Structures are given as structure tokens and as C-alpha cells.
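Student: I am new to this structure and would like to learn how to read its ring contacts. Please show it to me.

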Amino acid sequence: MSTNKRRLNLNVGINTTGYLANAWKYRSGDRHDINDIGYYRRLAELAHKGRFDAVFLSDHPALLTDPTSRPFHTIDPLILSTSLAAQVPDIGFVATVSSTYNSPYNFARRTQSIDIVTGGRLIVNIVSSFNPSVAANFGNDPLPPRNERYAKATEFLDVAKKLWSSWDPRREGEVPEGRFWDAATAETIDHEGQYFHVKGPLNVPRGQQGHPVIAQAGASEGGIDLAARHGEIIYCNILSRPAGQAFGKKVRDRAVSFGRDPSGIRIVPGLVVILGETREEALRKHELYSGTGSEDGLLARFAKENGIDPRDFDPDAKLDAERFIPDQNRQWAVGMGLGLSDLLSHEKLTAREAVRRSEGHHRLLLGTPEEVADGIIDLWQDGTVDGYTLQPPRAPDDIAEFVQQVVPVLQDRGVYPREYEGTTIRDRYGLPQPD
């Protein structure tokens, strides 16, 4: 397959026991896996076997102590990525970092270092923390309001980009005899902003791919602004073609308004896949892994999560999209909650239909390997999405099933590579080198 030909990009989440909170009961392995580097190495090796572009490590720097679930975030993603990259070749790493509770200099130094030692395999997923429990781990100040968090995130990345390019030995001319280097290749950035004051330059040079690829997740207005200004890989919630096309257009139009070329943006939403020898088997697995036990259980959960009185709930009535628009001012993440309302604004669905379209706020594909491959290719082939971030309900089981059963179908159809191509993660995503 030519590197110039557009092809499907796939990442895979490898957080602890898998994406769905209740599916841990049906996975292989034991509860000690989640803090075992050997376990994560096996997951990364599985992903490498499937030729995934990158493994995705979300993060939340607080321990959520729900005894009925499992810890979803444990080992720091940057440290875990560094260890795994030394053991598993080729594959990239998406490491999530909070812009709210980090300094841009330390962030730029750590990530540029990892990108250099991995040969250009790092993607940094920038999030603005939204949980008061996270704020409590970093001091007595309350969580900043949403608009302040996004303004800080924008400046955070402005500073990081300046630092990443502040020392570039490739600009070096002829070094005089007796001099080790040309100090003119490093320049201060002298940043004086609203949130950060940083002199620079960075003491880590510009990397092989310029700087780490920037991923961003968020579909609120502040999130779209951040994606349009800085995001290269956009992790989001897209449940249908019309909703995906509208979201992609909004992000790219916003990028143009900021003077940015939108060709450097890739839309790579989350995807939950549940396989079966038949669609009926996949439906039963969905009910099991979701923890609801039946279709009636799925519907009861839908009503509860959306504040619907069970006495007034008709699962076969068409749903009103406006009823499901999340409050833009709520404390918790807005972007993922927009998926359902966006879906319903384009398709008239009942609750019985809607519960089979989304799981864990992401697009749900149920069925045989061929049916799942059809669904993946469907939104990719017309450019609605550039790829997906697979969120397996169970790890390692559902990663192994996808690699064994779905990846060969995608390869046989000519949309997915059989071998790794390109040197850096930018190469594989067809992203431009930063100026």
C-alpha cells in the first residue's frame, strides 16, 4: 500500500481492564493486572500485532473509589509510554496530560524527551481537568470555571510550541574550532501571558517530527476552539454520518477563522466494538458487558441517566433531540454528552434504537467481523472520519478478538496496512511537519 494513498487510522485504548466499567467480570486475567507493566506490554504487543497506529492512555489524576467498578487510571501515561516504547517497536503512544495542573516547561521538556527517545512516536492528548477531586490533589483552590480552563489550555499549548522549537540544532551553521556548538540555534521565548511567564529556551532540542503530535478531546465551544487552534488528532464522540460531517466542518471552519490550514486535522472518534458469530450473540454480549443484563435493563439505564420518569417512559416513542442537549455550563465534560443530541438531531430514533447505537458515550458497532468492518469503513470512506480509537469493553480479550477477526477483513479490503509504514506517527497520519 502506498504511503500516499489515504488509509484508515486506528488507535486502541489500553486502560486497565478495558473501557466498560462492568465488563471486568468477564475478562481473562486478575485484578492485579492493572498495576503490572508486563500486562500493559502484552496489550501493546497485541496492538502491534494488529498494526494499530497507537495505543491510547487516557488519564485522570485522582483515584475514583467506586467499589463496584475498577480503577480506570493508574500508572502515569508518560511514564508508561516510555517504558512500553522501549519494549514494543513501531507503535505510537497517545499520553493524556492535564493542561490545568501542569507547567508548560516541564510538560514540553518531558514530552519532547520522550518523542526523541522513541523516534517520533508520541502523541500528547491535552485535557482541561473537570473533576473537583483532581483540583483537590493540587492545592486548596477550587476547580477553575470552564472558560478559564480552556483559555489556560490554549496558552499552555502556545508556550509548549514555542519551547519545542526554541532549540533547533539543524539551524546550525559552521561551528568555529574549539566551540562545541552554535549557541545561536537556541533562542529565548520570553513569554509573558495571562497564566504563564516562561523565559526559555528548552534544554531539549527539536525532535524528529518537529514536536509530538497534539491530540485533543472536547466538543464544547471551548473544546472546539482549542481543537481548531492546536489539535491535530481530534478524539470525539460521533454516532452518525450527518453528525460527524457537521462536527468536522465546524472544527475545520473554526481553524480557518484562526488562520490555520485545516488539512492538518484528523477526526478519530471513539468506537466500542462487540463481536459475535451472529448479531444476536453480539446483542446478548452487549447486555452482559454493559452490566444491564437485558434490553429492558439497557432501557432502564437510559431513562435513569437522562432523568426520565419511568412512569412516563415509552421506549418506542421517537426522541426529541433538544431534550438531550447537555448544559453547556455543567461542571462535568460537555463534549461526550453531545453525541446523543447530535445523533437525534439528524435521525429520528426511539430509545430502543438509541441504546444500540452508543455505549460509554461512543459509537457502538455490534455484529460479526464482516458487519463491524462494514460499519468502520462506512464513515471512513467518504471522509466523515479519518479513523477510530477502539475502546475495547474488555482487555485483553476484545483487543485480541478485534486483531484476529476484524483487522484481516480491513486488510483484505485494502483500507488498512499489513505492515507499519513511515518512520514517525506524523508519517502514518499524513500530518504536516510543524514550521
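Student: Which residue lies over the face of Phe324, and at what distance from the ring centre?

Tutor: A charge sits over a ring if NZ of Lys or CZ of Arg is within 6 Å of the ring centre and within 35 degrees of the ring normal. Here Arg323 lies over the face of Phe324, 5.5 Å from the ring centre. Likewise, the charged end of Arg229 sits over the ring of Phe258, 3.8 Å from its centre.

Student: What is the basis for these values?

Tutor: This is a predicted model, where local features need pLDDT of at least 70, side-chain atom pairs count only at pLDDT 80 or more, and totals for chains, interfaces and linings use all residues. Residues are numbered from 1 along each chain as its sequence is written, and side-chain values use heavy atoms, with hydrogens and water left out.

Student: How many aromatic pairs does the structure hold?

Tutor: Rings of Phe, Tyr and Trp (its six-membered ring) pair if their centres lie within 6.5 Å; planes under 30 degrees apart count as stacked, over 60 as edge-to-face and the rest as tilted. The structure holds 12 such pairs. In one of them, the ring centres of Trp167 and Trp181 are 5.5 Å apart and the planes are at 70°, so this pair is edge-to-face. For Phe302 and Phe324, the centres are 5.7 Å apart and the planes at 45°, so that pair is tilted.

Student: Are Phe302 and Phe324 buried or exposed?

Tutor: Buried means under 20% relative accessible area, exposed over 50%, partly exposed in between (1.4 Å probe, protein chains only). Both Phe302 and Phe324 are buried, whereas Trp181 is partly exposed at 38%.
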